[in-house]
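Hello,

Here is the structure I promised to pass on to you. Have a look at it first, and then read on for what turned up in it.

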Amino acid sequence: MTDDVAEADAHLDFDLEDESDDAGEHAESIPLGDPCLVVDDLHIVFRVFGGKKRESAKKQGLHVQDATPVRRNPVKRLLGAGRQHVGAVSEVHAVRGVSFTARHGESIGIVGINGSGKSTLLRAITGLIPPHTGSVYVDGEPALLGVNAALMPQMTGAKNIEIGGLALGMTPRQIDEKFDEVVEFADIGDFVDMPMRTYSSGMAARLRFAISSAAVPDILMVDEALATGDAAFKARSKARIEEVREQAGTVFLVSHSISTIEAMCTRVLWMHQGQLVMDGPVEEVTEAYRAFVRAHRQARSSARAGGRRQNRQDGQSRQDRQRRS
Amino acid sequence: MTPVKTATSGAQDAGRPRPPEPPDPVVPSTSSAERQAIAEQFGLTKMGVRPPLWTYIKDVARRGAFIRVLGMSSAYARNQNTYLGQLWAVLNPILNAAVYVLIFGMLLNVSRGVDNTIAFIVIGVFLFRFVEQSVNGGAQSIAKRSNLIRSLHFPRAVLPLSNVMSHLTTLVPALLVMCLIVLGSGLLPDYEPVPVTWQWLLLIPAVGMLWVFNMGLAFVMARLVAITPDLDNVISFILRLAMYGSGVIFPVVRYVSELPEWMQGWMGTILEFQPIAVYLYLGRSSLMNEEGFPQEPLMWALGAAWAVVFFVVGFIIFWRGEERYGRD
């Protein structure tokens, strides 16, 4: 019984980093140009094998996350048992009808609690996840700052720079030219000739960022890339993003850290359960979102006002505090 | 049993504040038609649309270096976590062939007039392994790499191509060992010596055509399994059928005369001229100096034809699914 609540809460888990070193900074506004990205009534649906919640979600007219499993009597459960495991294909409607227009020179942050469809939206406007219905129109080639998936942990850093660069569409000559710059930016020194799986997580993150920002795209998408790395690296990568933005015009940034969004963006989209619930200037949206998240957290902690769970919650927030300080 | 609590119901503990509601979804200020007009006015291109065939071919050709590096790196990475490392690329087919030589060549003796059974089986096993790996690898090249597909832009044909490339890289050293084994088999007391002739060089075009053929197969498998993951389970059975039906370990063509008469005609033709049998024949006719395997222009022509047909058809089949890869 209590597990159900825990499960529901797990979906709502989020971080709200308020105090951060970039508090108080603001992105400089650049005069807006022509539209460079038009998203028209975008829907993304995932096919999930073996999922069971869709039916109940449909019946209750809710988003999948909010649906409770239907309670059925034991006979029906027995009869239906086969169907849950054979041919059980369900769908998750991750993005539900999003429309907006972005212009050159804009830096757009996307906020929302976990599972609200931020990353999916980002990948969809990059063209990486084909839309179910609706369409995305774009000027130039958008690139996601995520070369991660192409890299091979067994291979050396040098080889990975080559693989990553090629995956990003660079020519072998361009990679040769940028090689030293990437190594220097990533600050990995002699480790460049070691297999990547021997790297510390910070080194790997730096190398990934260095590789993926080596190619300057028309539209840059950043998905939580700044969460890793130390303060110096954060500052460097921020400068790099700013540089890309000045050249390319448009930057999209997904982050749980509201202060990062405030420091780097001129406009914010707030996603909730796959829908766009707010779209506007930074201060306006982040203020509303912050209030929403606080209220959410309060509702959650008072819901947990009972023995075991209370302890766990305390433990968590203690961890949170430690992480922040 | 009390009713299930959820984040939204909360009927049980009324004192608890309800979770806040976010604002209602934004109603866009422009209509769908207006947005499309804006897109058209500023010359924006639509994402996620399959590029025309010719553009696609050029895209893939430009990624040649990526295909090569990705293929060679994954070939290297495959055998990296063992003590013998890259040696396994060669040891694996040798052990495989040894098992078949032992069972089919020596115990069952199904050679049917083939003099050098060892050469026959070893060539068959080594070449068929390339087909087998390409089919399996091609099948998983899209399905198992959805993570990569959802992170970066590139023509997806790169993935099956680099997969076949990775198997080709491990095949080349294995082929050298294969030649040595064939040569060594001639030294055995019961076997006639195997002379090294200029004909041995014909192995190179034979493997080249097999490579092109395999790329075509990998394209087809990649699309099939990406759209219908269940097919992955069927592949091993089809491959086993292909192995016995292509005469990998015994000359299946020479068994046709034992079939009922009405089957002999078409069955014999299929068994002899289906692509895998053709490539095995070409490999054997290059290395084995036997009356049963003379050089035949017809077989070379067939080999080239099968390669071109499979590659072109496979490429088009794969391209037609391009915009669907990455969506589950």
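A residue is called buried if 20 or more other C-beta atoms lie within 10 Å of its own, and exposed if 12 or fewer do. Take Ile316(B), which sits in helix α12 (residues 297-320) of chain B. Is Ile316(B) buried or exposed? Its C-beta has 12 neighbours inside 10 Å, so Ile316(B) counts as exposed. The C-alpha atom of Ile316(B) is 8.7 Å from that of Phe219(B), although 97 residues separate the two along the chain.

Please keep in mind that this is a predicted model. Chain A has a mean pLDDT of 73, with 67% of its residues scoring at least 70. Where pLDDT is low, the predicted coordinates should not be read in detail.

Of the contacts in chain A with a separation of 6 or more, 75% join residues 24 or more positions apart.

In chain B, helix α4 (residues 88-107) is worth a look. Its 20 residues, at 1.5 Å each, should span 28 Å, and the end C-alpha atoms are 27 Å apart, which agrees. Even so, α4(B) bends by about 30° at Val101(B). Val101(B) is also one of the buried residues of this helix, which include Ala89(B), Pro93(B) and Gly105(B). Among the elements covering them are α5 (117-143) and α7 (158-185) of chain B. Just after the helix, Asn109(B) takes a positive phi of about 50°.

How many residues does the largest nonpolar core have? It has 159, and those with the most contacts inside it include Ile110(A), Trp270(A), Val122(B) and Tyr279(B). The element giving the most to this core is α5(B), with 16 residues. Beyond four places in sequence, Ile110(A) touches residues including Leu121(A), Phe252(A), Val254(A) and Met271(A).

Enjoy exploring,

Best wishes

Methods
Residues are numbered from 1 along each chain as its sequence is written. Chains are lettered from A and ligands numbered from 1 in the order in which they are written. This is a predicted model: local features need pLDDT of at least 70, side-chain atom pairs count only at pLDDT 80 or more; totals for chains, interfaces and linings use all residues. pLDDT is the predictor's confidence in each residue, from 0 to 100. Helices (H or I, at least four residues) and strands (E, at least two) are DSSP runs, numbered from the N terminus. The expected span of a helix is 1.5 Å times one less than its number of residues. The bend at a residue is the angle between axes fitted to the seven residues ending there and the seven starting there. Two residues are in contact if their C-beta atoms, placed from the backbone, lie within 7 Å. A nonpolar core is a set of buried Ala, Val, Leu, Ile, Met, Phe, Trp, Tyr and Cys residues joined through C-beta atoms within 7 Å.
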